[in-house]
2 protein chains.
Amino acid sequence: MEVKGIVIPRPEGQENLNMKTGEIEIEAREVELLNQCKDRIPIGLGDHLQPSKEPSRMEYRYLDLRNTFMQKNLRTRSTMVMKMREFLCNDHGFVDVETPTLFRRTPGGAKEFVVPTRQKGKFYTLPQSPQQFKQLLMVGGIDRYFQIAKCYRDESSKPDRQPEFTQVDIEMSFTTQREVQDLIEDLIQYSWPEGELTLPFPQMTYNEAMDNYGTDKPDTRYDMKLVNLSESFSSSGIHSFENTLKKDKGEIIGIRIPKGTKYFSNRELNDIITSPTIQNQCEVTSIKVNDGNSWKCPFQKYLKEETKDKVRSRLNIEDNDIVVLAHGTGHYPHTALGKIRTTVANALKSKGVQIIDEDRFDFLWVTDFPLFLPKEEGEGLESAHHPFTAPHPDDVELVKTHPEMVRSQHYDLVLNGFEIGGGSIRIHQEHLQRYVLTEVLKENTDDLEHLLKH
Amino acid sequence: MEVKGIVIPRPEGQENLNMKTGEIEIEAREVELLNQCKDRIPIGLGDHLQPSKEPSRMEYRYLDLRNTFMQKNLRTRSTMVMKMREFLCNDHGFVDVETPTLFRRTPGGAKEFVVPTRQKGKFYTLPQSPQQFKQLLMVGGIDRYFQIAKCYRDESSKPDRQPEFTQVDIEMSFTTQREVQDLIEDLIQYSWPEGELTLPFPQMTYNEAMDNYGTDKPDTRYDMKLVNLSESFSSSGIHSFENTLKKDKGEIIGIRIPKGTKYFSNRELNDIITSPTIQNQCEVTSIKVNDGNSWKCPFQKYLKEETKDKVRSRLNIEDNDIVVLAHGTGHYPHTALGKIRTTVANALKSKGVQIIDEDRFDFLWVTDFPLFLPKEEGEGLESAHHPFTAPHPDDVELVKTHPEMVRSQHYDLVLNGFEIGGGSIRIHQEHLQRYVLTEVLKENTDDLEHLLKH
């Protein structure tokens, strides 16, 4: 319906001050029926209605978009991205360069979408990111580049992963990690849609994140941190723990679920700790702390009072708590407990126990990632991120002697437990790049010459 | 090389006022060699050098980008696109919505790129334009949408066509052709990188453009307009002309190449007028006007003084001009001369005769396109642009009686002879849309129901 008319005040007594336009109405002069809806509108529209179920909303997406919350999402994104552009392009001298999306395959990395061409046997691929282009732009004298870039990965969808996604893509010459972090913090603050953010964002090293949260993207909106209990169990007399500590040089880690026995049945607890993604590389077990000194766990008959006291004081245990323990080598027990920590927090949320403060936006820099990690399969090392990441300046000498100990100049930005960004300083010395590729990563020399040709 | 130091004035007498930084220099304190170039730089860099040949520039594109003119191109584009966004998003309430690029096939239109998925037999396609999405957004209450959108067409490359290209994509609800034109004019003026533009841009109907320039995208920076000579030849006694006029109801059209005999040899002229793209659907011939009354042409022995006088006065012929004539039916002679007009202008340019004012930016709206055209193959009509274009409001009745005469609400924006944009008002009444599809275009009913389903 298209209506043209004169805006007039509403008749006295008919004003509605709860509406933005509640004091006026339009006296129609021309009315055109643009089109008709055959039946009634098939999904719920209007702020007073519950939104319809997801499948109906998807089928009638063009109607669903009329819902206030959908309008708000689209408009907030538009405004936020616009502010990011103002910040980068107008205020900080970045050049917006649109790079091609039909390009040749890059070896390594994620699985790429291919696009057949009109020439038999020839394919384009859709880019995983504009990585190569932006590095060429740096060489080409565009020393501050940005692009709101579409990226493609032919991987299974997850709730926070889709085959096509968009990233704020930035590259700078002659900079440092801290300068980039400052820039990103200011960029986010400038474009943040509501409320004030506190700058600078907290920093945490990769090791701190693994030790305290069992993940490199910790959600710091709630506590339940990991606690190292190796010392508490070192002379506990419990064989499996002592074996982990002495024979395997591993560790024993625990988390405390406050008042856990009130919220989780034995079966629920068992489901959480025996989930197949967790049990692989370490052993997980649990203790139910009942009233007073009554602790229930598989090894309760070996549990000395002295051990209980040590654990109780390390974890500040109270009645009705649950303690989950993981023991094993390397970061495996941490990773297991990191996953359990998240699962427990979400399970508590679904039970109406709000341990996560949903109003908070906890930004966090995670820094000092390892440059190399043991290969997932076979012997040797592989890049933790990509082979062009520069080593931490204090660790350059270690590249030749102890590559597994080298920290990188890679950093991630985490928000409420999700990795929302990341970056790195690149290696810019040919000899170091060549050493990393040939001596540490043992890359095939032919591929290498291709990569290093220009 | 990374140099840190103190900016100091240059020693007296060593200033160079031609350089922006000619009065200062840096006293280096820290110098770091970032990397080395093995040989000398393989392509010419620097404003005092001629740019290298295209293939070298492509091979070493990351170096070529350092050339001032390349830097200027990239930076001008970035700034101009940014200003367009400011105009649309900040000043005129448009919402920037990023639409998906992995989508299902749309029937009809250009050839599309397909992207195989991980499911056998299932493909995405890359969009020719976000047409469908933006129309859904209109229904969805985003009544002012824009996107700087990447589009894909799997067609052969031409100098002004590539398989992937980017368009400023706009859609508005409740608007008129003139409102959109005003918006686009203001948008271009706001974002134009140098100099003032004169608004509004001139308008020309499709018929005026065809009659005067033989193309729907005329370059108005130079004259050499088409002139209708049917009247001049109507009683010339020259059979082929009289046949075209009387038997075929066709027309005779001419253009004058001022001082053409000085610039074009017989052979060059012949090459231009016998080019295969031109001779197909009409006959093209030429007259060389030598001194005084001596006219050389294939039909010179039939050329009466009276006919010469008529042609001379219609075209304002002077000595040494060349006249190119085309005769045939419909717009074929116009189209042929339109192509010849462009070829001649470019040929003159390459001979150093500047009939095109290269400093001008001639924007032009071409309006009142036909809604339907005779099918290129077979009987009947097809859409001149797409089947959703609305008819001119004055011609709605003609859709049923004389569809071939209906003007559309499609308009193109032309700059210096190139189509740089276009748009249309869409049909919004189901009954009219259905009539156009079934009765005029005789579309398959099944496809139709699919299109009209929602």
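Guide: Let's begin with a word we'll need: on a 1 Å grid over the protein atoms alone, a pocket is an open set of points with protein on both sides within 12 Å along at least five of seven lines, and its lining residues have an atom within 4 Å of a point. Before we use it, note that this is a predicted model, where local features need pLDDT of at least 70, side-chain atom pairs count only at pLDDT 80 or more, and totals for chains, interfaces and linings use all residues. Residues are numbered from 1 along each chain as its sequence is written, chains are lettered from A and ligands numbered from 1 in the order in which they are written, and side-chain values use heavy atoms, with hydrogens and water left out.

Visitor: Which residues lie nearest the centre of the second largest pocket?

Guide: Those are B:D223, B:M224, B:K225, B:R256 and B:P258, out of a lining of 14 residues. The pocket has a volume of about 240 Å³, where a volume is the space filled by probe spheres set on the grid points, and points are joined across faces, edges and corners.

Visitor: And what kinds of residue make up that lining?

Guide: Nine are nonpolar, one is polar and four are charged. Here Ala, Val, Leu, Ile, Met, Phe, Trp, Tyr, Cys and Pro count as nonpolar, Asp, Glu, Lys and Arg as charged, and the others, Gly among them, as polar.

Visitor: What makes a space a cavity instead?

Guide: A cavity is a set of points where a 1.4 Å probe fits but cannot get out. Rolling a probe the size of a water molecule over the atoms shows where empty space is left. Searching the whole structure turns up one cavity of 30 Å³ or more. About 530 Å³ of space lies in this largest cavity, and 32 residues line it, with A:E98, A:I148, A:K150, B:I148 and B:K150 closest to its centre.

Visitor: Which elements supply at least two residues each to the lining of the largest cavity?

Guide: They come from both chains: α3 (68–91) and β6 (144–152) of chain A, plus α3 (68–91) and β6 of chain B. These names follow DSSP runs numbered from the N terminus: helices are H or I runs of at least four residues, and strands are E runs of at least two. The lining divides into 14 nonpolar, eight polar and ten charged residues.

Visitor: Why is B:S286 called buried?

Guide: Buried means under 20% relative accessible area, exposed over 50%, and partly exposed in between (1.4 Å probe, protein chains only). B:S286 has 11%, so it counts as buried. It sits in strand β11 (residues 283–289) of chain B. Leaving aside neighbours within four places in sequence, B:S286 is in contact (heavy atoms within 4.5 Å) with residues including B:L269, B:K296 and B:V323.

Visitor: And why is A:N270 called partly exposed?

Guide: A:N270 has a relative accessible area of 40%, so it falls in the middle class. Its place is in helix α10 (residues 266–273) of chain A. As for β6(B), eight of its nine residues are buried.

Visitor: What makes the relation between the chains that of a two-fold axis?

Guide: Two copies of a chain are related by a rotation about an axis and a shift along it. Chain B can be laid on chain A by a turn of 180° and a shift of 0.0 Å along the axis, with an RMSD of 0.2 Å; the superposition is by least squares on the C-alpha atoms of residues with pLDDT of at least 70 in both. That is therefore a two-fold axis. In chain B, the C-alpha nearest the axis belongs to B:V115, 2.6 Å from it. The same surface serves both copies, since 100% of the contact residues of chain B recur in chain A.

Visitor: Where is B:N416 found, and is it buried or exposed?

Guide: B:N416 lies in the loop between β17 (410–415) and β18 (418–424) of chain B. Its relative accessibility is 12%, so it counts as buried. Phi of B:N416 is near 50°, a positive value in a residue other than glycine.
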